[in-house]
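Opening the notebook on a new structure today.

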Amino acid sequence: MKQFEQTIRRRGCEEKTILNNLCYGQCRSFYIPPMEVLRCFNCDHTGRRHEDFFNITKIHPSFAEKARGHETGQDESVKENTYLVCCDCVYDRLQECQSCLKKAPLCMFKIAEWFGDKKTRNCIDCAAKFEAQGLFQTGYHSSVIIRQCSVCRHFKYLPSFISWRKHKPHDTLKDCFECQLRRDIAQYKREVRNRYEEKLQQEPALGDDNKSLRTGVGNETVSQQGATYASVVTNGFTDTQSSASSCKNGRIRTKETTQQLQLNAINETGLHKGKCISTGLDESFCAKVLQALKTSFSQLEEKTKLELQLLQSNPQFWNTALRDKLLRVSQLFSSQATDQIHFNDAESRWAYLGTYTAAHATLVQATFTSGRFEPLTEFIKNSHSKERLHVCCLGAGPGSEILGLHQLFPSNTEWMLLDNCEQWYYTAQILLHDVCDVPFRYGTFDISNGHGRSNVGDLGLTANYAFKKAKLFLLSKFVSAVQNLPGAFKYLLDILKRAAPGTLFLFVDNAHIQTKTFIEDLVFPSRDSKECEEYKENESFRLYTTYAELNSDREEGLKSLAVCEWVSLISYWLDRHPILDLRVNVHLAVKKR
């Protein structure tokens, strides 16, 4: 008899090491008792590995009471199997929701639904709909109940979000249940893949990519190159020809091609050092805005259907309800009542994106490529230095400035967008990340009280970081929107004072005397500037000023298919023509010391 240490492990339990006895008889054998058989209550799958099953009493504590209250006369193993479910059912095997008829793994259903009849199960989104209708009847507003997920960007009911009960009504909710569960599903499938890879590596016959075939003449062999089952599972199938062509035809831009693009733009666009910048609408911007509009429009459709379901109306009338809301927003644009527009509404952001973004991007790009401002021309030519370039956009909205400039600057430029409406992040994600493939960071700040915050996405940005790092500030149609707000002048003045020498501030705004005076007072608060031929300056700043206009030929623009589709889309849903003629003042302030 000999003692040895044996470690006992069970899924969901702490491991225990005990002293066991090993009896040496004539054959030096020892007895291993058979392992228990585990059974999934949902699909009756059996197995012996505890790693392949979940004990629901460990996941959901409320079921522990049911387990303890089970009939005492029942066999213990049968009692435990009642609350076991296999990982395949939880993460992979599809179940059908009886309300929406969608099929999803068991994890997409509340645990309480697991034990009901399979024909009466409701997925988490359908269960959230029923709960949201109850919240609406108790007085919750629809803007509180219907929220947008910052991960998948889908509109969902409030109960579809993780820990929604712990948040205040207008707090930002990051993850919905579906996003979290899809990450769990992906993790499970990675683990299954790794398990199969380990098994394949233990089988040399399956893992040999270079097999030798006998030719039948002597002992000569021919090496056969091929993709075996093991190599495809572990490494995937690669086609060198297709990958090479994808690199050739893809969106990879080298430093040399970028510089050539910049020089061509500066040499061919606009008027060189004229008194005025004049340009026409850029069709490529219209095409990109159109693509972003189409993507975000599906989100508007989704949101409107949720609102109609909340009102217990027919979701099939979503187009009538949505057009009515968009027309009301368009009327506010026509009456110049933008201060009454709440951009936390997805409809207002969509209308702004379709109406103004392409025009603003064209004006900003024309300002840089016109050659009118020598500091901007030098800034572009020197942008490929070893140091990474940091650009900050104040009042960024959907990021029209980046749409106009991202091709002129290095691909590693850090674009920092700040706005008081954090929901603009979702629109910028579609336009800049999805359509233009431009990485950026977004943050929110309140110019009235000077507080900056960041609650959206995983690319959170603080105002202090942006003000410290940026060498170029872009303010497109921002000053006219905030010049009458209390504390706005003091806040902007502090930004200019804290800027490092050589920092550029570009203002593109309405050609109003009030806005022009506000900007000049910001740059020269002591009013000690002196006039030069092309600029004003004092000891701290040099200010360039010019006039810019966007003259768009509507008939000429309609020759492009993308522009025609863009005009048709905006004309129907907003009842307005998106090809605009704009007149703006352009100011460039250069920090001297």
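Is glutamate 549 buried or exposed? I looked it up, keeping in mind that this is a predicted model. Glutamate 549 has a relative accessible area of 19%, and the cut-off for buried is under 20%, so glutamate 549 counts as buried.

**Entry: the partner of glutamate 549.** I found a salt bridge between the side chains of glutamate 549 and arginine 583, with 3.6 Å from N to O. This one links distant parts of the chain: glutamate 549 sits in strand E22 (residues 541-550) and arginine 583 in strand E23 (residues 582-591), 34 residues apart. I also checked the arginine: arginine 583 is partly exposed, at 35% relative accessible area.

**Entry: how many salt bridges?** I wanted the total, and the count comes to 27 salt bridges. I noted a few of them below.

**Entry: arginine 165 and glutamate 131.** Their side chains meet in a salt bridge at 2.5 Å, N to O. What does this pair tie together? Arginine 165 is in the loop between strand E10 (155-157) and helix H8 (177-201), while glutamate 131 is in helix H6 (residues 124-137), so the bridge joins parts 34 residues apart in sequence. I jotted down the exposure too: arginine 165 is exposed at 62% relative accessible area, and glutamate 131 is partly exposed at 25%.

**Entry: a pair inside one helix.** Aspartate 324 and arginine 328 form a salt bridge through their side chains, 2.4 Å from N to O. Both are in helix H14 (residues 318-334), and because they are 4 residues apart there, about one helical turn separates them. Aspartate 324 is partly exposed, with 40% relative accessible area. Arginine 328 is partly exposed as well, at 46%.

**Entry: a network.** I also came across salt bridges that link up: Asp125, Lys156, Glu178 and Arg182 form a network.

**Entry: serine 296.** Where does serine 296 lie? I found serine 296 in helix H13 (residues 283-310). Its relative accessibility is 10%, so serine 296 counts as buried. What does its side chain meet? A polar atom of that side chain lies 2.8 Å from the backbone oxygen of alanine 292. The side chain of serine 296 also has a polar contact of 3.5 Å with the side chain of tryptophan 350. Leaving out residues up to four places away in sequence, I listed what serine 296 touches: Trp350, Leu353 and Ile430.

Terms used
Residues numbered from 1 in each chain as written. Predicted model: local features only at pLDDT ≥ 70, side-chain atom pairs only at ≥ 80, totals over all residues. Heavy atoms only, no water. Salt bridge = Lys/Arg side-chain N within 4 Å of Asp/Glu carboxyl O. Helix = DSSP H or I, 4+ residues; strand = E, 2+ residues; numbered from the N terminus. Buried < 20%, exposed > 50% of the residue type's maximum accessible area, 1.4 Å probe, protein only. Polar contact = N/O pair within 3.5 Å; in protein donor to acceptor, adjacent residues only side chain to side chain. Contact = heavy atoms within 4.5 Å.
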